[in-house]
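Welcome! Please take a moment to look over the sequence and the 3D structure below, and then we can walk through them together.

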Amino acid sequence: MTFTQSNDQNLSQFVASIQKLNVDDQLALFYFIYKKMGDSVTPAAPGASTASADVAEGLFNQIKEKSHEEQLQFQRDLINKADNEYTRMYGSMSDTTKLLFWYRLAQGMDSNVISPMPPNYELSSESKEILNQLEGIDFEQQITLFRDYVSPMGAEPKQGAEV
C-alpha cells in the first residue's frame, strides 16, 4: 500500500494497515516509530496538558511495577482490546493522554524499566514498509495517525463503576 498526499481517508487506510499486522509486529513497529521520530513526537504533542501527563504517568507507574512478562502482556491486551482493570484505565483516557502513555512506555523500554525490545530485533518487511511510508507524511498528519491508532485500544470503562 502506497500513500501519497495524505488525507483523512489515506490516514484511515494507514491505521488499518498497521492494525492488520500481528500484535507483536504492531508493538515493534510502534517502538521503532518512537526510535526514529521520538524527538518530534514528544509529550509536547498538540493538546497535551499537565493533567494528561499526570494521568499517563499514573498508569505508567502502575505498569512499570509489573514483571516484564506482565508488561508485555498488558501492551498486547491494549491492542487486543482485552477487558481488565488496566485496559479500562487506559480506555478512560483522552486520545492525547493515550499517545503520551505510549510515549512513556517507549521511554521505559529504552531504560529497561519496561520490557525492552529483544536485542537485534528486525522489523517484518510489512512493518518496514509502513515505517518508510510514515516518514513521508508531515508531522501534523503523523500525530493524527498515531492518535487514531492508539485511540481504540484498551477497553471501555465499566458503566456505573466508581472512579
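Helices here are DSSP runs (H or I) of at least four residues, numbered from the N terminus.

## How confident is the model?

What you see is a predicted model. The protein chain has a mean pLDDT of 86, and 84% of its residues reach 70 or more. Residues 1-6 have a pLDDT below 50, and in the model this stretch makes 15 contacts beyond near neighbours in sequence.

## The largest pocket

Let's turn to the open space. The largest pocket has a volume of about 360 Å³. Its lining is made up of 23 residues, and those nearest the centre are Leu27, Ala28, Tyr31, Met109 and Met117. Two or more lining residues come from each of α2 (23-37), α4 (68-80) and α6 (95-110).

Which element gives the largest share of the lining? That is α2, with seven residues. By class, the lining of this pocket holds 19 nonpolar residues, together with two polar and two charged ones.

## Where α2 meets α7

Helix α2 also packs with α7 (residues 125-134), at an angle of about 35° and with the axes 10 Å apart. The crossing of these helices, α2 and α7, is right-handed.

On the α2 side, the residues in contact are Asp25, Leu29, Phe32, Ile33, Lys36 and Met37, while α7 brings Ser127, Ile130, Leu131, Asn132 and Leu134. Seven residues of this contact are nonpolar, two are polar and two are charged.

Key
Residues are numbered from 1 along each chain as its sequence is written. This is a predicted model: local features need pLDDT of at least 70, side-chain atom pairs count only at pLDDT 80 or more; totals for chains, interfaces and linings use all residues. Side-chain values use heavy atoms; hydrogens and water are left out. On a 1 Å grid over the protein atoms alone, a cavity is a set of points where a 1.4 Å probe fits but cannot get out, and a pocket is an open set with protein on both sides within 12 Å along at least five of seven lines; lining residues have an atom within 4 Å of a point. Grid points are joined across faces, edges and corners, and a volume is the space filled by probe spheres set on the points. Ala, Val, Leu, Ile, Met, Phe, Trp, Tyr, Cys and Pro count as nonpolar, Asp, Glu, Lys and Arg as charged, and the others, Gly among them, as polar. pLDDT is the predictor's confidence in each residue, from 0 to 100. Contact means heavy atoms within 4.5 Å. Axes are lines fitted to C-alpha atoms, for helices over the stretch in contact, and angles run from 0 to 180 degrees between N-to-C directions. A crossing is left-handed if the near helix is turned anticlockwise from the far one by less than a right angle, and right-handed if clockwise.
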